[in-house]
There are 2 protein chains.
Amino acid sequence: MSSKQQICIAIDCMGGDYAPQEIVKGAILGARQYGVALQLVGQPDKIQAELDALETQGIQYEIVPALETIDMGESPAAAIRKKKNASVVVASTCVAKGMSQGLVAAGNTGAAMAAAIFNMGRIEGVDRPAIAVVLPTTYKTPCILVDAGANADCIPEMLIQFGRMGSIFSQAVLQVKNPRIGLLNIGEESSKGNSFALSTYKLLEQHDELNFIGNIEGKHLFDGSADVVVCDGYTGNVALKTAEGVGNMVMSLFKEETQKSLRAKAGAILVKSTLRKVKHKVSDEEFGGALLLGVKGICVIGHGGSNAYAIQNAIRVTKEAIDQDVIGKIESKVLEGCL
Amino acid sequence: MSSKQQICIAIDCMGGDYAPQEIVKGAILGARQYGVALQLVGQPDKIQAELDALETQGIQYEIVPALETIDMGESPAAAIRKKKNASVVVASTCVAKGMSQGLVAAGNTGAAMAAAIFNMGRIEGVDRPAIAVVLPTTYKTPCILVDAGANADCIPEMLIQFGRMGSIFSQAVLQVKNPRIGLLNIGEESSKGNSFALSTYKLLEQHDELNFIGNIEGKHLFDGSADVVVCDGYTGNVALKTAEGVGNMVMSLFKEETQKSLRAKAGAILVKSTLRKVKHKVSDEEFGGALLLGVKGICVIGHGGSNAYAIQNAIRVTKEAIDQDVIGKIESKVLEGCL
């Protein structure tokens with residue numbers, strides 16, 4: 001169980017709507033399933049109380065004390081400067097110091113990002129770390145959207161790096177060969193888009209080493225038209241949250257409508273597990289979180305509403321990213337002069 | 001039946017994936033249901049062939065010949081310059097000349113917009129006409145998103161007008177009192193967003209006559225958090241098409257999953273009509289199209305995939321906008337110095 005080679009993952013146990021209960025539970029489940037050790041970061045008494053309710057036999061873990069927490073509404077930069085002892089700051093330091101090889105955080109996204117960039121540091125040559133989210137599709141593999149919110153303002157050059165990092169992620173973690181890279185835009189033709197998209201299109205075309213396949217409209221994010229879709233962080237975040245909103249609306253309208261007749265009520269009972277499967281497939285719980293690409297350490301950022309299952313999957317993703325050496329692969333692209 | 005006061009609507013019968021069949025059919029259905037007269041614009045023989053298959057007794061209509069068509073892929077500006085006899089150009093001229101009071105077009109969106117702006121003209125004082133789409137919500141009234149694609153590049157000042165025009169639309173057509181206006185953004189706090197959103201937020205705040213309620217995230221477009229949401233046309237179009245993509249994916253995954261067990265298959269049969277209702281509620285067929293706000297004439301732009309039902313609803317929206325004098329209301333706001 002305890003081996004020098006065992007991968008260790010630092011978990012911010014205090015971040016997220018259901019912290020610490022669901023976070024600690026998911027961490028223990030993930031540690032068991034994927035054979036990793038844990039640094040559980042946060043308020044020791046609260047973490048211990050959760051652990052007492054769980055079966056932890058055979059799991060290697062350490063509780064790392066961090067008495068402060070950063071709330072969802074706090075300004076990330078200010079919060080990580082002021083609260084040196086916040087759980088997400090301490091957890092990212094665990095990775096920076098090499099005690100853990102990856103970080104899982106489900107609290108304030110901006111704070112997790114800021115803490116990771118500040119403590120782990122950017123990979124040399126990467127201008128701007130970016131958030132890569134894995135979108136469900138009706139195709140055999142998911143679609144990676146970069147940037148989903150790290151950089152609200154972008155210049156076209158940044159999207160070249162997003163495309164490369166997303167491509168490495170797609171290859172390494174999703175086993176996609178030669179990922180097809182698309183540009184999120186409002187029409188298929190190269191003449192479509194705002195001035196930012198037009199300039200980015202031209203730039204992407206010039207980079208022969210990228211498998212750039214052209215513009216991808218929002219409706220084609222989910223049908224396998226591209227493996228990696230790049231955009232600025234503002235647009236990516238709007239798209240991501242719009243997708244979440246539509247999913248919620250459809251489920252809620254379906255629930256409402258099935259209450260209107262006995263026939264539909266009966267049908268709803270029969271398709272309940274099917275609906276759950278669909279919900280699973282389209283929810284971010286399944287993938288467990290977004291990867292912050294471009295920092296010197298694996299950093300997986302979970303949804304604020306993460307439950308234990310989502311955290312368990314976040315641990316899987318973190319371990320895969322470590323196993324597949326995503327950081328090393330990005331670094332070597334930099335050395336090759338290709339990033 | 002034929003009265004001088006009867007509202008007349010010009011229909012581009014040649015635009016859209018299912019033209020002319022579904023367009024002509026929907027136009028006749030709409031004319032009967034909403035008591036309007038029609039100018040059916042396009043290739044006379046093709047339109048006549050469709051009419052021959054329909055019950056047109058009592059409907060007042062005129063076929064207006066237009067022998068050219070503009071395809072979906074054509075560059076709008078070039079196409080309307082070159083093809084003076086294209087159906088959408090001729091149809092917009094029918095409105096410009098006062099023979100019809102509104103236009104319904106389901107073909108190339110850019111061409112419909114360009115033809116409307118070029119032939120009907122902008123309302124004086126409106127800097128940029130914008131596309132308003134009506135999004136379904138789980139709330140009692142839909143949410144209007146402006147701009148959904150007319151202006152890929154915007155400056156913050158343009159969004160003030162979008163908010164005002166959207167607000168007039170919401171009041172006039174959806175009967176919403178004092179519509180709540182939100183800014184599409186990536187967080188609720190005023191400090192969130194890209195530089196464009198930050199500047200726009202500040203500007204919206206300064207306009208006391210607008211009922212500005214702050215930032216709206218993508219996930220809150222569909223839950224009634226705001227009545228009108230403003231954004232640049234690039235972001236709005238990405239959000240709109242992403243919503244379409246998620247809807248398609250959920251339906252397609254549900255279909256796929258229900259094939260996997262007898263229980264689910266049986267359930268699927270029982271909830272079939274419920275699903276159809278949900279699909280209806282979330283599809284743009286129900287609303288019939290987007291309104292181009294800011295031109296001197298009502299112009300309703302349908303989805304390229306519009307069927308007869310969508311066109312019938314487009315006629316309803318066109319008639320409501322005419323009845324409620326949306327153009328006059330925008331013009332008077334201009335005169336009041338409020339636009």
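In this predicted model, the buried residues of helix H9(B) pack against helices H9 (262-270) and H10 (272-282) of chain A, together with H8 of chain B. The buried positions in H9(B) include B:Ala264, B:Gly267 and B:Leu270. These residues lie on the same side of H9(B), because they cover an arc of only 115° around the axis. The spacing fits a general rule. An α-helix has 3.6 residues a turn, so residues three or four places apart point the same way.

The packing of H9(B) belongs to the contact between the chains. Here, 52 residues of chain B are in contact with 52 residues of chain A. On the chain B side, two or more residues each come from helices H7 (195-206), H8 (233-258), H9 (262-270) and H10 (272-282). H8(B) supplies the largest share, 20 residues. By class, the side of chain B that touches chain A has 22 nonpolar, 20 polar and 10 charged residues.

Strand E5 (residues 130-135) of chain B was examined next. In E5(B), 6 of the 6 residues are buried, so the strand is largely enclosed by the rest of the structure. B:Ala130, B:Ala132 and B:Val134 point one way from E5(B). B:Ile131, B:Val133 and B:Leu135 point the other way. Both sets are buried. In a regular strand the side chains alternate between the two faces of the sheet. E5(B) has antiparallel pairings with two strands of chain B. To strand E10 (residues 290-293) of chain B it is joined by 3 bridges. B:Ala130 stands opposite B:Leu293 in E10(B). To strand E6 (residues 143-146) of chain B, E5(B) is joined by 4 bridges. B:Val133 has B:Leu145 in E6(B) as its bridge partner.

Chain A contains 12 helices and 11 strands. Its radius of gyration is 20 Å, close to the 20 Å that the globule rule gives for 339 residues, so chain A is as compact as a globular protein of that length. Along the principal axes, the C-alpha atoms of chain A fill a box of roughly 65 × 60 × 35 Å. Buried residues make up 60% of the 339 residues in chain A. Among contacts in chain A between residues at least 6 apart in sequence, 73% join residues at least 24 apart.

Chain A is divided into domain 1 (1-126 + 294-339) and domain 2 (130-284). The domain centres, taken over C-alpha atoms, are separated by 25 Å. Their contact takes 16 residues from domain 1 of chain A and 13 residues from domain 2 of chain A. On the domain 1 side, helices H5 (109-120), H11 (308-323) and H12 (326-335) of chain A each give two or more residues. H12(A) gives the most, with 4 residues. This side of domain 1 has 9 nonpolar, 4 polar and 3 charged residues.

One residue of chain A was followed individually. A:Ile23 lies in helix H1 (residues 21-34) of chain A. A:Ile23 has 32 other C-beta atoms within 10 Å and is therefore buried; the cut-off for a buried residue is 20 or more. Leaving aside neighbours within four places in sequence, A:Ile23 is in contact with A:Ile11, A:Cys13, A:Gly16, A:Ala106 and A:Ile311. A:Gly187 is 164 residues from A:Ile23 in sequence. In space, the two are 41 Å apart, C-alpha to C-alpha.

How values were computed
Residues are numbered from 1 along each chain as its sequence is written. Chains are lettered from A and ligands numbered from 1 in the order in which they are written. This is a predicted model: local features need pLDDT of at least 70, side-chain atom pairs count only at pLDDT 80 or more; totals for chains, interfaces and linings use all residues. Two residues are in contact if their C-beta atoms, placed from the backbone, lie within 7 Å. Ala, Val, Leu, Ile, Met, Phe, Trp, Tyr, Cys and Pro count as nonpolar, Asp, Glu, Lys and Arg as charged, and the others, Gly among them, as polar. A residue is buried if 20 or more other C-beta atoms lie within 10 Å of its own, exposed if 12 or fewer, and partly exposed in between; C-beta atoms are placed from the backbone. Domain bounds come from an automatic or database domain assignment. The arc is that of the directions from the helix axis to the C-beta atoms. The radius of gyration is taken over C-alpha atoms; the globule rule is 2.2 Å times the number of residues to the power 0.38. Two strands pair if DSSP finds at least two bridges between them.
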